[in-house]
Amino acid sequence: MLKEHQVAADTLIDSAAYKLAQYATASRFETLPDEVSDRAKLIVFDQLACSFVGAELPAGRIISRYVHNYGGKPESVVLHSGDRCPAPLAALANGTAGHADEFDSVHATSDFLGTGHPAAIIVPAAAAIAERQFATGRDLINAVALGYDVGSRTISVTGGLAPMMGNHGIDPGSLHSLGAAFACARLLGLDEHRHLFAAALAAQQSVALNAPYGERRHMSKAFVTGQSAFAGVTGAVMAAAGFEASDNIFEARGGIIDTWGQNGREEHLNKDLGVDYAVMGANFKFYSAGYPIHSPVEAVLGMKSEYGLNPEGIKRITVRMQSHPASVVNNRSMPTICLQHMVAVALVAGKLGFDEAHSSVLQNDPVVLQLKSRIDLISDPELDREQPQGRSAHVTIETDGQTVSRKIEHPRGHRFRTPAPTWDDIREKYEELLVRRIGQQRFDQFYNGCVGLESVEDINEVTVLLAESS
C-alpha cells in the first residue's frame, strides 16, 4: 500500500495539474510584466464598479439581503450595502451583483476561444479573501492575474463556450471557480497540494447548467457567477483548514479533461504559462448588453449618426453574425441578452449605457417595440468561416429612401481592437454612474486607489470606498 501511495504521489508531481499548482505558488507581483499588472488593475476597477451598480438590480438587491440575514464574522465588504460578512458570502453577493447586468467584461483566450465572465467570479473572490487577510494591492493584482491564467486554461481544454453549451448543456464560465480557488489559495499562502484541493472543492460546488440563459430577469444567470466566486473562496478556505479533495480534478478519471476535454487540447492546461497572461484577453464592455450584441449596436449607432436615420422611418434591419453568438441572443426573453430589444433601444435612445438598458420607459416604448419586430438576425456561414469564435457583425438598415450597411470586425474594447481601452475610457464608463451614488471625491479616491493599487498596503482602503452610497 505504501508503494502504491508513492507511485500515485510521483504521478501527481509529474502531472500538468501539479505544474499548474507550482506555477501558482511561485507567482508574485514582482515578476508580472508592467502591461499585465496594469491590465489586472483595470479589471479590478471595472469589476468592482460593475458590482457596485449591479447591486441595485433585482439579483443584486436580493442576494445582498440574503447574506445580510445570515450575519457572521465581518470579514469582507458587501458592496453598496455598508455590511461586512464572512468572505465566502461577500464573494457570493458581489459576484452575483457583478453580473446582475451585462456591463462586466468578458474574455477570450489567445487562440480566441470565449471563456465567459471571469472578472465577475475571480475579482469578488480574490477581493473578499484579500480583505479578510488585510492583503496588499500587490497581492490582489497577482491573485487576479493568476486566477485568469488558471480559469481560462481550464476552459480552454474543453474547447470553450460553444461546445460546452451546445454539446453538454454546461455554462463553461462557471469553471472560472477553479481560477478563483487558485487566486484565493495563493492569497492564503497554501502549498501546491492545497491549491489542487481548493480547485477540486470549488468545482464540486459550482458547475452550472446552461438553463439560466432562458430566464427573464437576469437573476439566476447572475447567481452562476456569484456561486462560482463563493465556491472559489470556500474551496480555498476549506483547503487551508485541512479539508482534502481530489488530488487532480483536472486530469483524473471523471475529472474535467476526462469528462469535457476536447481531443488535442489537453496541453492547453499549461500552455505558455508565464508568457501568455490571460488577463490580456479581457474584452471590456461599453454597452450594457450581452457581448454578441455589441458589434450590431456599434454598427447601428454609427449609421444613425452618419446618415441621420430616424428610427421611426426604418423598415428593416438585418443583422448577420456567427452561428453560436446568434443562437445566444436571438429574440431572448431576457432584455439585455436579446439582440432585437437592445438594438431597438440603442437606436431610439441614441446610446446603450446602464440606464438605457434598464429603462422601463424604453422597454415599453412604442417605437422600440415596432423596431424590435423589424429586426432579423441571421447566422452567417461566411462569418463562421472567417471568425468561428468571433463577435463580428454585418448590419444592413433599410428605409424608404436608402439602404446602408456596416461591418464591425471587433467591438470597441475587444482585445483585437485598436486602440486598446485606456484608464480614461473605463473611468468615463463609470464616472457619471458612480458620482451620482458616492460623490465626486469618493469616486476620485476609488479610481486613484485602483490606478495605484500596487502601492496600497491594505486592500480594505480601496474597497471600503464602495461599501455604500452617499
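1. Lys 407 is partly exposed, at 32% relative accessibility (buried means under 20% relative accessible area, exposed over 50%, and partly exposed in between, with a 1.4 Å probe and protein chains only). Its partner in a salt bridge is Glu 386, at 2.9 Å from N to O; a salt bridge here is a side-chain nitrogen of Lys or Arg within 4 Å of a carboxyl oxygen of Asp or Glu. Glu 386 is also partly exposed, with a relative accessible area of 39%. The pair links distant parts of the chain, 21 residues apart: Lys 407 lies in strand E11 (residues 403-408) and Glu 386 in helix H19 (residues 381-386). Helices (H or I, at least four residues) and strands (E, at least two) are DSSP runs, numbered from the N terminus.

2. On the basis of the note: this is a predicted model, in which local features need pLDDT of at least 70 and side-chain atom pairs count only at pLDDT 80 or more, while totals for chains, interfaces and linings use all residues. Residues are numbered from 1 along each chain as its sequence is written, and side-chain values use heavy atoms, with hydrogens and water left out.

3. The structure holds 22 salt bridges. Side chains of opposite charge can pair when their charged atoms come close. One of the salt bridges joins Glu 56 to Arg 437, with the closest N and O atoms 2.6 Å apart. These two residues are 381 residues apart and link distant parts of the chain: Glu 56 sits in the loop between helix H3 (34-54) and helix H4 (58-70), and Arg 437 in helix H20 (residues 423-438). Glu 56 is partly exposed at 25% relative accessibility, whereas Arg 437 is buried at 11%.

4. Another salt bridge pairs Arg 132 with Glu 75, the closest N and O atoms being 3.3 Å apart. This pair also links distant parts of the chain, 57 residues apart, with Arg 132 in helix H6 (residues 119-133) and Glu 75 in the loop between H4 and strand E1 (76-78). Arg 132 counts as partly exposed, at 26% relative accessibility; Glu 75, with a relative accessible area of 15%, is buried.

5. How many disulfides are there, if a disulfide is a pair of cysteine sulfur atoms within 2.5 Å? The count is zero. Cys 50 is in no disulfide, and the nearest cysteine sulfur, that of Cys 450, is 13 Å away. Cys 50 is buried, at 1% relative accessibility. Cys 338 is buried as well, at 1% relative accessibility.

How values were computed
A disulfide is a pair of cysteine sulfur atoms within 2.5 Å.
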